[in-house]
Amino acid sequence: EIGVRLVGSEMCIRDSPCVGFNVGGIPQMIDHLHNGYVARYKSAEDLANGIRWALTEGDYETLSAEANRKALNTYSETTVAQQYIKIYNQITGSNA
C-alpha cells in the first residue's frame with residue numbers, strides 16, 4: 001500500500017491525472033473527477049472506465065495541473081516538514 005501511494009503521488013507531481021481504487025490512502029490523494037478518478041474497490045471495469053475517462057473524456061490538461069497542484073501542496077518536502085514540526089510541538093509542548 002505504501003508503494004502504491006508513492007507511485008500515485010509521484011504521478012501527480014509529474015503532471016499526470018491519477019486513477020486508483022477506493023482503498024487505503026488513494027481517496028485522500030485523488031479528488032474524484034477533479035484531479036483523477038477513484039474507482040470502486042476491486043472493480044476492473046470501473047478502473048478501466050476511469051482510465052478511459054482520464055484520457056479521453058476529462059480535460060487532461062486541467063486534470064494534470066490539479067493533480068500536480070495537490071501533490072505539491074500536500075506532499076512537498078516543506079509541507080511534510082511543517083506537519084512533522086506541528087506534531088512535534090503538540091507532543092512536546094514546545095515550539096521548534
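One aromatic pair is present in this structure; rings of Phe, Tyr and Trp (its six-membered ring) pair if their centres lie within 6.5 Å, with planes under 30 degrees apart counted as stacked, over 60 as edge-to-face and the rest as tilted. Select Tyr 37 and Trp 53: the ring centres are 6.1 Å apart and the planes stand at 45°, so the pair is tilted. Distant parts of the chain are linked here, since Tyr 37 lies in strand E2 and Trp 53 in helix H3 (residues 44-57), 16 residues apart. Helices (H or I, at least four residues) and strands (E, at least two) are DSSP runs, numbered from the N terminus. Both Tyr 37 and Trp 53 are buried, that is, under 20% relative accessible area, against over 50% for exposed and in between for partly exposed (1.4 Å probe, protein chains only).

The model is predicted: local features need pLDDT of at least 70 and side-chain atom pairs pLDDT 80 or more, while totals for chains, interfaces and linings use all residues. Residues are numbered from 1 along each chain as its sequence is written, and side-chain values use heavy atoms, without hydrogens and water.

Next, select strand E2 (residues 36-39): Gly 36 and Val 38 point one way, Tyr 37 and Ala 39 the other way, and all are buried. Opposite Ala 39 of E2 stands Phe 21.

Finally, move to Ser 64 in helix H4 (residues 60-75). Ser 64 has a relative accessible area of 6% and is therefore buried. Beyond neighbours within four places in sequence, Ser 64 is in contact with Asp 15, Ser 16 and Pro 17, contact meaning heavy atoms within 4.5 Å.

Notes
Pairing = 2+ DSSP bridges.
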